[in-house]
There are 2 protein chains.
Amino acid sequence: MRCAPFLSGRNAALFTDLYELKMAQAFLAEGMRESACFSLFFRRLPACRNYILACGVEDVLPYLESLRFSDEDIQYLASLGQFSDTFLAYLADFRFTGDVYAVPEGTPVFPQTPIIEVVAPVIEAQLIETWVMNQVHVQSVLASKAARVVEAAAGRPVLEFGARRIHGADGALKAARAGYIAGVAATSNVLAGRCYAIPVAGTMAHSYIQAHESEQQALRAFVREFPSTVLLVDTYDTLRGIDRVIELAKSLGADFNVQAVRIDSGDLAELAMAARRRLDDAGLQQVQIIASGGLDEQRITALLAQGAPIDGFGVGTAMGASVDAPTLDMAYKLVEYAGRGRLKLSTGKQTLPGQKQVFRQYTAGVAQQDVIGRWGERLPGMPLLQPVMLQGRRVGEEKPLPEVRSYAREMIESLPPTLRRLTQAPSTYPVALSDRLQGDQQAIMAKLRASH
Amino acid sequence: MRCAPFLSGRNAALFTDLYELKMAQAFLAEGMRESACFSLFFRRLPACRNYILACGVEDVLPYLESLRFSDEDIQYLASLGQFSDTFLAYLADFRFTGDVYAVPEGTPVFPQTPIIEVVAPVIEAQLIETWVMNQVHVQSVLASKAARVVEAAAGRPVLEFGARRIHGADGALKAARAGYIAGVAATSNVLAGRCYAIPVAGTMAHSYIQAHESEQQALRAFVREFPSTVLLVDTYDTLRGIDRVIELAKSLGADFNVQAVRIDSGDLAELAMAARRRLDDAGLQQVQIIASGGLDEQRITALLAQGAPIDGFGVGTAMGASVDAPTLDMAYKLVEYAGRGRLKLSTGKQTLPGQKQVFRQYTAGVAQQDVIGRWGERLPGMPLLQPVMLQGRRVGEEKPLPEVRSYAREMIESLPPTLRRLTQAPSTYPVALSDRLQGDQQAIMAKLRASH
């Protein structure tokens, strides 16, 4: 279900850069209505990423299917005094009628890999750039970060708590979705839970404890309402908080069903060890310890390396805003128009011409290299790009998110182990170009260089 | 106008962390309905910021005014099997009835300064935390970054081009709004232009040039449609691109009205100088030069320091995702309940008790220090917090954005000059606590320490 309509791109026609509309008017005036191919890819991995988990295409498809300029949209554009009546009339009937090819959500991808290719009349393929990039960029960036946090937690559940400091409401919803695909167990964001049918988690904040006359009174009251809850213990003094949980257990006896305590500040490793000892000494082996508070994959790794007895992690800001690598130099570039491959020669910004396919080659179940070829080529390996929309209509149904999540897990587990480490891999994953693609690229560049 | 309804918080009741609802149920069950005060502030400045420009409260007020749990929302919550019927019935009638005090949007603020204080029955003040923080956090982070870019551009217009790589659709809209408040001249985001009535800008991408058989043909066709446009010249070879603009000027004669050229790659300083010489030699002194491509405040400073003859800057990703400081350790903390100041003692997470006011003290028009006092205290200086909502209804009308922008400019210009520099200020801006506030804080801490 997509329950926040704008956020899946319905009624988002004006969510576009002004230049897309200017170019559209010029294309229209020139009668340039031939088919174009645009390719979405990224150029370089951030230093602290060994792969990117491609996500977000499912928020592109409803946008494309429903793309319409309303009367109000067109009135606004007219008010800018920059557009012709002919063009505004064209927009009133605008529909996306093209084809979209994409790697499945949850596929690890590398520099130059086409993540999405759009084949459509040039105006249509151009106009959609901003939304397509915005959605695939944010979800891929955040899923890639979440995959690292999940890796660090080494099987312990990661709970996503970032909504308050993720960039905007849409970003927060998409972070929950992308995180779930990457292996996060649950989100604190209730709307994300409803929109994406993913597990939600959360119990109490410090304010709840503080509003009571004493910590003991607060813990007791909360457990009365939610017997199998997680209790926050660090509001005043973490180990005194643990003692109060133990007192509560003694006084409730068989009615004590508290699932875990949460420690949100201080030296988490030391406090978790001391808390574990006190809980165990009190016979509360079943009470788990959840840690939170400024966590990321590096801090989680360090905590586990110190042997901290932590059973789950609440992770917020660092994951939800991917603070060490908040953006990716993702691009959406024209690679073909009117049947001819297209390139630009701008310094440091190479592109690969024409519609393409990516073949992932495996040995003994481990990915060895990707080969990018032209669409239609048959090369060894598993082809990654699949048609997801033809003539403006999606192909097949949206996959349930748990399936996407399992697929992502399999794909991550089939990567070379060095790529899954949290440090920079000693060598980058090999991505080669097919002979035909290389030949096409060289021929076009030679021709462009000769004429410019 | 707020034209993307969800994005100003209408129908966003479920955009909350699950724990807010759990605490609400517990408060309700305990009959804890007294008034609370929560304070929104941040704890530390990122190393690369000397102040934060507070923004976003205008997206909090419509959320609060319209906050309702729909039948579908309540059905979803019921389906989680964690909430009581009493609580779900309570939510069906839930309204926000509290008071909100805020510093005006565009106010530079410092660590510990209350940006917003909410006084409301504790359940209400608690439930709104996630949306309030999400909106004020993202807009304050992005406005603060944009203010630096505007500072670096030293009077030259900055155009915001970030929508494709800002985190999500809401983030992109809010970035445009926050940027405009911080002094950005225009956004490329058409929907932001419509929602916020701010200027939009943009002309052409490389794809437009590439789709044509030659660069010359593309430039000529575009100028026919948009005579006073900006032409992109770096698709193949920047200086050859400039030559083609000059050819176009010669062939069009008096009809040539091109406003500027845009250079998006390569050594921008060197290319801008060479382009300026060629344009001037051709008598095209009026054609301006716009630079773009991976720019931020540091690169803009470096370009201008090299004497690059650049008349305006297109800035995207680095500004729109605030990549050097993408988050702020903003918090929304209970500071009073049932008439008593509240604190927590968690390591490194100090709070200031009770409802407060901030007094900014000036000498000769330059801000010297802020003094945080209790609400109701009269101290020297300009009080920053104002009531913006009383009993659930906003006080006064929303200010037009150009007014907010002028206010922000004045407030920035009245800061000590070292804070406006792009490097870390030699000393932080002084923020003091009034005697009464200090006394209250110490008394509460002593009491808490005694009882814990």
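How many of the eight residues of strand S1 (residues 35–42) of chain A are buried? In this predicted model, seven of the eight fall below the cut-off of 20% relative accessible area, so strand S1(A) is largely enclosed by the rest of the structure. The strand has pairing partners in two other parts of the chain. With strand S5 (residues 116–121) of chain A, S1(A) forms an antiparallel pair over six bridges, and in this pairing Leu40(A) stands opposite Ile116(A) of S5(A). With strand S12 (residues 330–337) of chain A, S1(A) again pairs in the antiparallel sense, over seven bridges. Here Phe38(A) stands opposite Leu334(A) of S12(A).

The setting of this strand is chain A, which contains 17 helices and 19 strands. The C-alpha trace of chain A spans about 80 × 55 × 35 Å along its principal axes. Of the 452 residues of chain A, 65% count as buried. Among contacts in chain A with a separation of 6 or more, 75% are accounted for by residues 24 or more positions apart. The domain assignment divides the chain into domain 1, made up of residues 5–142 + 325–451, and domain 2, residues 203–291. Between the C-alpha centres of domain 1 and domain 2 of chain A the distance is 49 Å.

A helix pair of chain A was examined next. Helix H11 (residues 238–252) and helix H12 (residues 268–281) of chain A pack with their axes 10 Å apart and at an angle of about 25 degrees. Because angles under 35 degrees count as roughly parallel, this description applies to H11(A) and H12(A). The crossing in which H11(A) passes H12(A) is right-handed. From H11(A), the contact is made by Thr238(A), Leu239(A), Ile242(A), Asp243(A) and Ile246(A). The contributions of H12(A) are Leu271(A), Ala274(A), Ala275(A), Arg278(A) and Leu279(A).

Two loop residues of chain A were considered individually. Pro111(A) is located in the loop between strand S4 (107–109) and S5 of chain A. When neighbours within four places in sequence are left aside, Pro111(A) is in contact with Phe42(A), Arg43(A), Arg44(A), Leu45(A) and Val431(A). The C-alpha atom of Pro111(A) is separated by 9.3 Å from that of Tyr429(A), although these residues are 318 residues apart along the chain. The second residue, Gln391(A), is found in the loop between strand S17 (386–390) and strand S18 (393–394) of chain A. Its relative accessibility of 67% places Gln391(A) in the exposed class. Most residues other than glycine have a negative phi. For Gln391(A), however, phi is positive, near 50 degrees.

In chain B, a positive phi near 50 degrees occurs at Ala154(B), likewise a residue other than glycine. Ala154(B) is placed in the loop between helix H6 (129–153) and strand S6 (158–160) of chain B. At 52% relative accessibility, Ala154(B) counts as exposed, because the exposed class comprises values over 50%.

An open sheet of chain B is formed by four strands in the order S16-S14-S15-S19, with mixed pairing. Strand S16 (382–383) and strand S19 (431–433) of chain B stand at the edges, and each has a single partner strand, so one side of each is left without a neighbour in the sheet. Strand S14 (residues 356–363) and strand S15 (residues 366–374) of chain B run antiparallel and are joined by eight bridges. Within this pair, Arg374(B) of S15(B) is the bridge partner of Lys356(B). Helix H17 (residues 435–451) of chain B packs on the sheet and touches S14, S15 and S19 of chain B. The direction of H17(B) makes about 45 degrees with that of S15(B).

A further helix contact of chain B involves helix H7 (residues 168–182) and helix H15 (residues 401–413), which pack at an angle of about 50 degrees with their axes 7 Å apart. This angle makes H7(B) oblique to H15(B). The residues of H7(B) that make the contact are Arg177(B), Tyr180(B), Ile181(B) and Ala182(B). On the side of H15(B), the contact is made by Leu401(B), Pro402(B), Val404(B), Arg405(B), Ala408(B) and Arg409(B).

Terms used
Residues numbered from 1 in each chain as written. Chains lettered and ligands numbered in written order. Predicted model: local features only at pLDDT ≥ 70, side-chain atom pairs only at ≥ 80, totals over all residues. Heavy atoms only, no water. Buried < 20%, exposed > 50% of the residue type's maximum accessible area, 1.4 Å probe, protein only. Pairing = 2+ DSSP bridges. Domains from an automatic or database assignment. Axes fitted to C-alpha atoms, helices over the stretch in contact; angles between N-to-C directions. Parallel < 35°, antiparallel > 145°, perpendicular 65-115°, else oblique. Left-handed = near helix turned anticlockwise from the far one by under 90°. Contact = heavy atoms within 4.5 Å.
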